[in-house]
Amino acid sequence: TSVVYQSQVGTATYGITKMAFHKLYEQLLVECPPHNVGICNILPGMVDTEGVWDHYEKAKKLNLEHTKYFDIGKQNGDMISPAQCAKFIRGILMEAPNDEYSKQWSRKSHWDEVMKLIGE
């Protein structure tokens with residue numbers, strides 16, 4: 001997510017948490033393979049949830065810059081439903097071959113691949 005690499009007013013806690021998770025993912029990629037444990041990082045993109053829009057409304061009232069990201073995402077049809085997100089995650093967790101599992105899975109880059117894995 002872009003908030004990891006681009007500091008923005010009003011996103012400190014979220015951005016720091018995302019960066020910490022990304023570092024944990026990178027560390028586990030180094031430590032887990034000798035133990036035959038697969039590690040993946042799933043980036044579903046924007047998911048159209050009540051929580052997202054609640055945050056959006058609060059941020060919009062404060063005139064925070066990152067609300068434009070949601071405006072553009074909604075205009076461009078970049079948001080997915082929670083059901084689509086769940087399908088994407090399930091496809092990776094349940095169907096990805098072991099030799100391909102341990103990587104970063106981005107919806108923008110891997111959607112078609114995952115849909116093939118689940119037969120859609």
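**Close-up 1. Asp54 and Lys58 are both located in helix H2, 4 residues apart, about one turn of the helix.** Helices (H or I, at least four residues) and strands (E, at least two) are DSSP runs, numbered from the N terminus. The model is predicted, with local features requiring pLDDT of at least 70 and side-chain atom pairs counted only at pLDDT 80 or more, whereas totals for chains, interfaces and linings use all residues. Residues are numbered from 1 along each chain as its sequence is written, and side-chain values use heavy atoms, with hydrogens and water left out. Asp54 forms a salt bridge with Lys58, with 3.2 Å between the closest N and O atoms; the term denotes a side-chain nitrogen of Lys or Arg within 4 Å of a carboxyl oxygen of Asp or Glu. Asp54 is partly exposed at 41% relative accessible area, while Lys58 is exposed at 51% (buried, under 20%; exposed, over 50%; partly exposed, in between; 1.4 Å probe, protein chains only).

**Close-up 2. A salt bridge joins Asp71 and Lys60.** The closest N and O atoms are 3.3 Å apart. Because Asp71 lies in helix H3 (residues 67-76) and Lys60 in helix H2, the pair ties together parts that are 11 residues apart in sequence. Asp71 is partly exposed, at 26%, as is Lys60, at 40%.

**Close-up 3. Val52 is placed in helix H2 (residues 50-61).** Leaving aside neighbours within four places in sequence, Val52 is in contact (heavy atoms within 4.5 Å) with Val47, Phe70 and Met79. The C-alpha atoms of Val52 and Val37, 15 residues apart along the chain, are separated by 32 Å.
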